[in-house]
Amino acid sequence: MIPIIRVNLRRAIGDRRLLALATVFPLVFILVTGLLAGSPKEPIGLVHPSARLLGLVAHTDDLKVRLEASRSSLTDDILRGRVVAGLVTLPARGGAQRVEFVTESAQIDAVQARTDVVALLDLIAAEGPDTRLTDAALARTHIPAPLSPFSYVAPSDLVLFLGLTVLVLSSGLVESRRLGILRRLAAAPVLRHSLVAAQIGSLLVAAAGQAIGLLVVGRLIFGVHWGNPVGVGLVLAFLAVAYAGASVLIGSWSRTEEQAVAVSVVAGIAAGMLGGCMYPLDVVGPAVRDVGHVVPQAWAMDAFVKLIYDHGSLASVLPEVGALAGFALVLSTLAARVYARTMYSPG
(Lines give C-alpha, C1' and ligand atoms only; values in the text may rest on other atoms or scores of the structure.)
Protein backbone atom coordinates (compact mmCIF):
# COMPACT_ATOMS: atom_id res chain seq x y z
CA MET A 1 0.00 0.00 0.00
CA ILE A 2 2.74 2.48 0.91
CA PRO A 3 4.53 2.26 -2.50
CA ILE A 4 1.22 2.82 -4.31
CA ILE A 5 0.43 5.85 -2.16
CA ARG A 6 3.94 7.22 -2.72
CA VAL A 7 3.68 6.85 -6.50
CA ASN A 8 0.22 8.43 -6.64
CA LEU A 9 1.31 11.38 -4.51
CA ARG A 10 4.46 11.93 -6.57
CA ARG A 11 2.36 12.01 -9.73
CA ALA A 12 -0.15 14.44 -8.16
CA ILE A 13 2.57 16.80 -6.89
CA GLY A 14 4.18 16.83 -10.33
CA ASP A 15 0.98 18.15 -11.93
CA ARG A 16 1.21 21.94 -11.76
CA ARG A 17 -2.42 22.39 -12.78
CA LEU A 18 -3.54 20.27 -9.85
CA LEU A 19 -1.29 22.21 -7.47
CA ALA A 20 -2.85 25.46 -8.65
CA LEU A 21 -6.33 24.02 -8.14
CA ALA A 22 -5.43 22.89 -4.63
CA THR A 23 -3.61 26.03 -3.45
CA VAL A 24 -3.81 29.19 -5.56
CA PHE A 25 -7.46 29.04 -6.63
CA PRO A 26 -8.92 28.54 -3.12
CA LEU A 27 -6.89 31.43 -1.70
CA VAL A 28 -7.91 33.77 -4.52
CA PHE A 29 -11.57 32.80 -4.19
CA ILE A 30 -11.54 33.28 -0.42
CA LEU A 31 -9.89 36.68 -0.74
CA VAL A 32 -12.14 37.99 -3.52
CA THR A 33 -15.46 36.69 -2.18
CA GLY A 34 -14.59 37.71 1.38
CA LEU A 35 -13.76 41.26 0.33
CA LEU A 36 -16.93 41.48 -1.75
CA ALA A 37 -19.01 40.23 1.18
CA GLY A 38 -17.45 42.80 3.48
CA SER A 39 -17.83 42.99 7.22
CA PRO A 40 -21.52 42.95 8.20
CA LYS A 41 -22.40 46.10 10.14
CA GLU A 42 -26.15 46.30 9.46
CA PRO A 43 -28.43 47.30 12.35
CA ILE A 44 -30.36 44.91 14.56
CA GLY A 45 -33.89 45.97 15.45
CA LEU A 46 -34.92 46.10 19.12
CA VAL A 47 -38.54 45.95 20.31
CA HIS A 48 -39.16 46.90 23.97
CA PRO A 49 -35.49 46.54 24.92
CA SER A 50 -34.58 46.46 28.57
CA ALA A 51 -32.31 49.08 30.11
CA ARG A 52 -29.73 46.35 30.61
CA LEU A 53 -29.68 45.51 26.90
CA LEU A 54 -29.46 49.17 25.89
CA GLY A 55 -26.60 49.66 28.32
CA LEU A 56 -24.84 46.64 26.89
CA VAL A 57 -25.29 47.91 23.34
CA ALA A 58 -23.78 51.24 24.33
CA HIS A 59 -20.59 49.42 25.36
CA THR A 60 -20.40 47.27 22.20
CA ASP A 61 -18.63 49.04 19.36
CA ASP A 62 -19.24 46.36 16.72
CA LEU A 63 -23.05 46.35 17.09
CA LYS A 64 -25.54 48.75 15.51
CA VAL A 65 -29.17 48.79 16.63
CA ARG A 66 -32.42 50.42 15.56
CA LEU A 67 -35.27 50.87 18.02
CA GLU A 68 -38.60 49.54 16.73
CA ALA A 69 -42.05 50.50 17.96
CA SER A 70 -43.64 47.07 17.52
CA ARG A 71 -43.16 43.54 16.22
CA SER A 72 -44.91 44.43 12.95
CA SER A 73 -42.63 47.40 12.30
CA LEU A 74 -39.63 45.19 13.01
CA THR A 75 -40.79 42.59 10.49
CA ASP A 76 -41.45 45.31 7.93
CA ASP A 77 -37.98 46.80 8.38
CA ILE A 78 -36.39 43.35 8.06
CA LEU A 79 -38.22 42.70 4.79
CA ARG A 80 -37.24 46.15 3.49
CA GLY A 81 -33.60 45.56 4.38
CA ARG A 82 -33.36 48.30 7.01
CA VAL A 83 -32.29 45.77 9.63
CA VAL A 84 -31.03 42.22 9.26
CA ALA A 85 -32.66 40.74 12.35
CA GLY A 86 -34.34 41.76 15.58
CA LEU A 87 -34.80 41.14 19.29
CA VAL A 88 -38.27 41.29 20.83
CA THR A 89 -38.48 41.50 24.63
CA LEU A 90 -41.61 39.74 25.91
CA PRO A 91 -43.00 39.44 29.45
CA ALA A 92 -42.83 36.05 31.12
CA ARG A 93 -44.18 34.55 34.33
CA GLY A 94 -42.99 35.84 37.67
CA GLY A 95 -42.15 39.31 36.38
CA ALA A 96 -39.21 38.01 34.35
CA GLN A 97 -38.62 38.73 30.70
CA ARG A 98 -37.71 36.59 27.73
CA VAL A 99 -36.08 37.72 24.52
CA GLU A 100 -37.08 36.34 21.11
CA PHE A 101 -34.82 36.45 18.06
CA VAL A 102 -36.54 37.32 14.77
CA THR A 103 -35.11 37.12 11.26
CA GLU A 104 -36.80 37.15 7.88
CA SER A 105 -33.79 38.35 5.94
CA ALA A 106 -32.50 36.31 3.03
CA GLN A 107 -28.97 37.64 3.51
CA ILE A 108 -25.76 36.23 4.83
CA ASP A 109 -25.64 39.29 7.14
CA ALA A 110 -28.48 37.76 9.13
CA VAL A 111 -26.15 34.95 10.18
CA GLN A 112 -23.66 37.50 11.50
CA ALA A 113 -26.49 39.33 13.28
CA ARG A 114 -27.56 36.10 14.95
CA THR A 115 -24.03 35.58 16.24
CA ASP A 116 -23.83 39.12 17.63
CA VAL A 117 -27.21 38.74 19.33
CA VAL A 118 -26.23 35.42 20.88
CA ALA A 119 -23.07 37.07 22.23
CA LEU A 120 -25.17 39.85 23.76
CA LEU A 121 -27.60 37.42 25.35
CA ASP A 122 -24.69 35.46 26.79
CA LEU A 123 -23.37 38.64 28.36
CA ILE A 124 -26.77 39.46 29.83
CA ALA A 125 -27.11 35.97 31.27
CA ALA A 126 -23.62 36.19 32.77
CA GLU A 127 -24.59 39.28 34.73
CA GLY A 128 -27.43 37.47 36.51
CA PRO A 129 -31.02 38.68 36.97
CA ASP A 130 -30.30 41.02 39.91
CA THR A 131 -26.94 42.36 38.82
CA ARG A 132 -26.83 45.94 37.63
CA LEU A 133 -24.85 46.50 34.44
CA THR A 134 -21.72 48.51 35.23
CA ASP A 135 -18.50 49.30 33.46
CA ALA A 136 -16.60 47.18 35.98
CA ALA A 137 -18.84 44.19 35.32
CA LEU A 138 -18.38 44.60 31.58
CA ALA A 139 -14.62 44.73 32.01
CA ARG A 140 -14.72 41.33 33.77
CA THR A 141 -16.97 39.74 31.17
CA HIS A 142 -15.55 37.80 28.24
CA ILE A 143 -16.70 39.18 24.89
CA PRO A 144 -16.29 36.76 21.97
CA ALA A 145 -14.01 37.95 19.19
CA PRO A 146 -15.88 39.50 16.26
CA LEU A 147 -16.36 37.23 13.29
CA SER A 148 -14.15 37.70 10.28
CA PRO A 149 -15.87 38.68 7.01
CA PHE A 150 -14.26 35.51 5.65
CA SER A 151 -16.05 33.30 8.19
CA TYR A 152 -18.45 31.86 5.60
CA VAL A 153 -16.44 32.00 2.40
CA ALA A 154 -13.38 30.31 3.95
CA PRO A 155 -15.17 27.09 4.95
CA SER A 156 -17.33 27.13 1.82
CA ASP A 157 -14.27 27.38 -0.44
CA LEU A 158 -12.51 24.76 1.67
CA VAL A 159 -15.40 22.34 1.16
CA LEU A 160 -15.71 23.22 -2.54
CA PHE A 161 -12.03 23.03 -3.55
CA LEU A 162 -11.32 20.01 -1.37
CA GLY A 163 -13.95 18.19 -3.41
CA LEU A 164 -12.64 19.50 -6.74
CA THR A 165 -9.06 18.51 -5.93
CA VAL A 166 -9.88 14.99 -4.77
CA LEU A 167 -12.30 14.37 -7.65
CA VAL A 168 -9.86 15.62 -10.30
CA LEU A 169 -7.29 13.16 -8.94
CA SER A 170 -9.53 10.46 -10.44
CA SER A 171 -7.69 11.08 -13.73
CA GLY A 172 -4.67 9.35 -12.19
CA LEU A 173 -6.68 6.16 -11.81
CA VAL A 174 -7.63 6.31 -15.49
CA GLU A 175 -3.97 6.76 -16.42
CA SER A 176 -2.98 3.77 -14.27
CA ARG A 177 -5.57 1.62 -16.02
CA ARG A 178 -4.48 2.86 -19.47
CA LEU A 179 -0.84 2.03 -18.75
CA GLY A 180 -1.76 -1.43 -17.50
CA ILE A 181 -0.60 -0.72 -13.96
CA LEU A 182 -3.88 -1.95 -12.47
CA ARG A 183 -3.59 -5.30 -14.27
CA ARG A 184 -0.06 -5.77 -12.99
CA LEU A 185 -1.16 -4.87 -9.47
CA ALA A 186 -4.02 -7.36 -9.72
CA ALA A 187 -1.54 -10.10 -10.63
CA ALA A 188 0.57 -9.34 -7.57
CA PRO A 189 0.01 -11.27 -4.31
CA VAL A 190 -1.94 -8.39 -2.79
CA LEU A 191 -5.55 -8.36 -1.63
CA ARG A 192 -7.85 -6.28 -3.80
CA HIS A 193 -9.21 -4.51 -0.75
CA SER A 194 -5.66 -3.43 0.04
CA LEU A 195 -5.33 -1.96 -3.45
CA VAL A 196 -8.58 -0.07 -3.04
CA ALA A 197 -7.45 1.15 0.36
CA ALA A 198 -4.16 2.32 -1.18
CA GLN A 199 -6.00 4.34 -3.84
CA ILE A 200 -8.32 5.91 -1.29
CA GLY A 201 -5.41 6.41 1.12
CA SER A 202 -3.43 8.40 -1.43
CA LEU A 203 -6.46 10.63 -2.02
CA LEU A 204 -6.88 11.14 1.72
CA VAL A 205 -3.24 12.15 2.15
CA ALA A 206 -3.64 14.76 -0.58
CA ALA A 207 -6.92 15.95 0.97
CA ALA A 208 -5.34 16.17 4.43
CA GLY A 209 -2.50 18.30 3.12
CA GLN A 210 -4.86 20.72 1.37
CA ALA A 211 -7.31 20.89 4.30
CA ILE A 212 -4.61 21.56 6.89
CA GLY A 213 -3.06 24.23 4.69
CA LEU A 214 -6.38 26.04 4.15
CA LEU A 215 -7.27 25.78 7.85
CA VAL A 216 -3.96 27.37 8.85
CA VAL A 217 -4.21 30.07 6.18
CA GLY A 218 -7.82 30.77 7.12
CA ARG A 219 -6.88 31.23 10.76
CA LEU A 220 -3.63 33.19 10.37
CA ILE A 221 -4.36 35.32 7.31
CA PHE A 222 -8.15 35.61 7.17
CA GLY A 223 -8.82 35.52 10.92
CA VAL A 224 -11.36 32.68 10.79
CA HIS A 225 -12.12 31.01 14.13
CA TRP A 226 -12.93 27.47 13.00
CA GLY A 227 -14.45 26.35 16.29
CA ASN A 228 -14.17 23.02 18.09
CA PRO A 229 -11.06 21.33 16.62
CA VAL A 230 -12.37 17.79 17.10
CA GLY A 231 -15.62 18.68 15.36
CA VAL A 232 -13.74 20.34 12.48
CA GLY A 233 -11.45 17.32 12.17
CA LEU A 234 -14.30 14.79 12.08
CA VAL A 235 -16.25 16.81 9.53
CA LEU A 236 -13.28 17.10 7.20
CA ALA A 237 -12.19 13.49 7.72
CA PHE A 238 -15.53 11.94 6.75
CA LEU A 239 -16.02 14.50 3.98
CA ALA A 240 -12.62 13.56 2.54
CA VAL A 241 -13.46 9.84 2.64
CA ALA A 242 -16.73 10.55 0.81
CA TYR A 243 -14.85 12.60 -1.80
CA ALA A 244 -12.24 9.84 -2.16
CA GLY A 245 -14.92 7.21 -2.76
CA ALA A 246 -16.57 9.40 -5.39
CA SER A 247 -13.18 10.01 -7.03
CA VAL A 248 -12.50 6.28 -7.33
CA LEU A 249 -15.95 5.80 -8.84
CA ILE A 250 -15.34 8.52 -11.45
CA GLY A 251 -11.90 7.13 -12.23
CA SER A 252 -13.29 3.63 -12.60
CA TRP A 253 -16.11 4.65 -14.93
CA SER A 254 -14.23 7.20 -17.08
CA ARG A 255 -12.58 5.98 -20.28
CA THR A 256 -10.10 8.84 -20.68
CA GLU A 257 -8.29 11.22 -18.36
CA GLU A 258 -9.96 14.21 -20.01
CA GLN A 259 -13.37 12.67 -19.38
CA ALA A 260 -12.52 12.09 -15.71
CA VAL A 261 -11.41 15.71 -15.25
CA ALA A 262 -14.49 17.09 -17.03
CA VAL A 263 -16.89 14.95 -15.00
CA SER A 264 -15.06 15.81 -11.77
CA VAL A 265 -15.22 19.57 -12.37
CA VAL A 266 -18.90 19.53 -13.37
CA ALA A 267 -19.88 17.23 -10.49
CA GLY A 268 -17.82 19.17 -7.95
CA ILE A 269 -19.22 22.56 -8.91
CA ALA A 270 -22.81 21.32 -9.21
CA ALA A 271 -22.66 19.59 -5.81
CA GLY A 272 -21.02 22.69 -4.33
CA MET A 273 -23.88 24.87 -5.57
CA LEU A 274 -26.48 22.44 -4.19
CA GLY A 275 -24.61 22.12 -0.91
CA GLY A 276 -24.33 25.81 -0.07
CA CYS A 277 -20.73 26.48 -1.09
CA MET A 278 -21.78 29.30 -3.44
CA TYR A 279 -24.48 30.80 -1.21
CA PRO A 280 -25.98 30.01 2.21
CA LEU A 281 -28.80 27.48 2.10
CA ASP A 282 -30.77 29.83 4.36
CA VAL A 283 -31.46 32.08 1.37
CA VAL A 284 -33.31 29.39 -0.64
CA GLY A 285 -36.67 27.74 -0.13
CA PRO A 286 -37.23 24.59 1.94
CA ALA A 287 -37.53 22.37 -1.16
CA VAL A 288 -34.19 23.49 -2.60
CA ARG A 289 -32.62 23.23 0.85
CA ASP A 290 -33.82 19.65 1.22
CA VAL A 291 -32.58 18.73 -2.26
CA GLY A 292 -29.21 20.26 -1.42
CA HIS A 293 -28.77 17.78 1.41
CA VAL A 294 -28.51 14.87 -1.03
CA VAL A 295 -24.82 15.85 -1.34
CA PRO A 296 -22.29 15.78 1.51
CA GLN A 297 -21.29 19.41 0.98
CA ALA A 298 -24.56 20.62 2.51
CA TRP A 299 -24.00 18.63 5.70
CA ALA A 300 -20.43 19.90 5.95
CA MET A 301 -21.56 23.52 5.55
CA ASP A 302 -24.29 23.02 8.18
CA ALA A 303 -21.61 21.77 10.56
CA PHE A 304 -19.29 24.71 9.86
CA VAL A 305 -22.11 27.22 10.43
CA LYS A 306 -22.73 25.64 13.82
CA LEU A 307 -19.04 25.53 14.72
CA ILE A 308 -18.11 29.02 13.54
CA TYR A 309 -21.26 31.10 13.92
CA ASP A 310 -22.96 29.35 16.84
CA HIS A 311 -19.70 28.42 18.62
CA GLY A 312 -21.11 24.89 18.73
CA SER A 313 -19.57 21.98 20.60
CA LEU A 314 -18.74 18.55 19.22
CA ALA A 315 -22.14 17.27 20.34
CA SER A 316 -23.93 19.94 18.30
CA VAL A 317 -22.45 18.70 15.01
CA LEU A 318 -22.87 14.98 15.65
CA PRO A 319 -25.93 14.78 13.31
CA GLU A 320 -23.89 16.30 10.48
CA VAL A 321 -20.90 14.08 11.30
CA GLY A 322 -23.18 11.04 11.25
CA ALA A 323 -24.59 11.99 7.85
CA LEU A 324 -21.08 12.51 6.45
CA ALA A 325 -20.04 9.13 7.86
CA GLY A 326 -22.97 7.59 6.00
CA PHE A 327 -21.86 9.22 2.73
CA ALA A 328 -18.31 8.03 3.35
CA LEU A 329 -19.42 4.43 4.02
CA VAL A 330 -21.71 4.19 0.99
CA LEU A 331 -19.34 5.83 -1.49
CA SER A 332 -16.24 3.95 -0.32
CA THR A 333 -18.11 0.62 -0.42
CA LEU A 334 -19.34 1.31 -3.96
CA ALA A 335 -15.84 2.39 -4.94
CA ALA A 336 -14.34 -0.87 -3.68
CA ARG A 337 -16.79 -2.97 -5.71
CA VAL A 338 -16.51 -0.96 -8.92
CA TYR A 339 -12.72 -0.72 -8.64
CA ALA A 340 -12.44 -4.51 -8.35
CA ARG A 341 -14.30 -4.90 -11.67
CA THR A 342 -12.13 -2.41 -13.54
CA MET A 343 -8.75 -3.77 -12.53
CA TYR A 344 -8.68 -6.21 -15.44
CA SER A 345 -10.36 -3.96 -17.98
CA PRO A 346 -8.25 -2.62 -20.86
CA GLY A 347 -7.19 1.03 -20.96
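Predicted model: local features only at pLDDT ≥ 70, side-chain atom pairs only at ≥ 80, totals over all residues.
Student: What makes up its secondary structure?
Tutor: The protein has 15 helices and 4 strands.

Student: Where is Ile44 placed?
Tutor: Ile44 lies in strand S1, which covers residues 44-47.

Student: Why is Ile44 called buried?
Tutor: Buried means under 20% relative accessible area. Ile44 has 3% relative accessibility, so Ile44 counts as buried.

Student: How far apart are Ile44 and Lys64 in sequence and in space?
Tutor: They are 20 residues apart in sequence. From C-alpha to C-alpha, Ile44 and Lys64 are 6.2 Å apart.

Student: Which helix holds Glu320?
Tutor: Glu320 sits in helix H15, residues 318-342.

Student: How do you know that Glu320 is buried?
Tutor: The cut-off is again under 20% relative accessible area. Glu320 has 6%, and therefore is buried.

Student: What does Glu320 touch, leaving out residues up to four places away in sequence?
Tutor: Glu320 touches Trp299, Asp302, Ala303 and Lys306. A contact here means heavy atoms within 4.5 Å.

Student: How many residues does the protein have, and what share counts as buried?
Tutor: There are 347 residues, and 46% of them count as buried.

Student: What share of contacts joins residues at least 24 apart?
Tutor: Take contacts between residues at least 6 apart in sequence. Of these, 72% join residues at least 24 apart.

Student: What about the accessible surface of the protein?
Tutor: The accessible surface comes to about 17,000 Å². Carbon and sulfur atoms account for 65% of that surface.

Key: Residues numbered from 1 in each chain as written. Heavy atoms only, no water. Helix = DSSP H or I, 4+ residues; strand = E, 2+ residues; numbered from the N terminus. Buried < 20%, exposed > 50% of the residue type's maximum accessible area, 1.4 Å probe, protein only. Areas by Shrake-Rupley, 256 points an atom, 1.4 Å probe, with all protein chains shown as cover.
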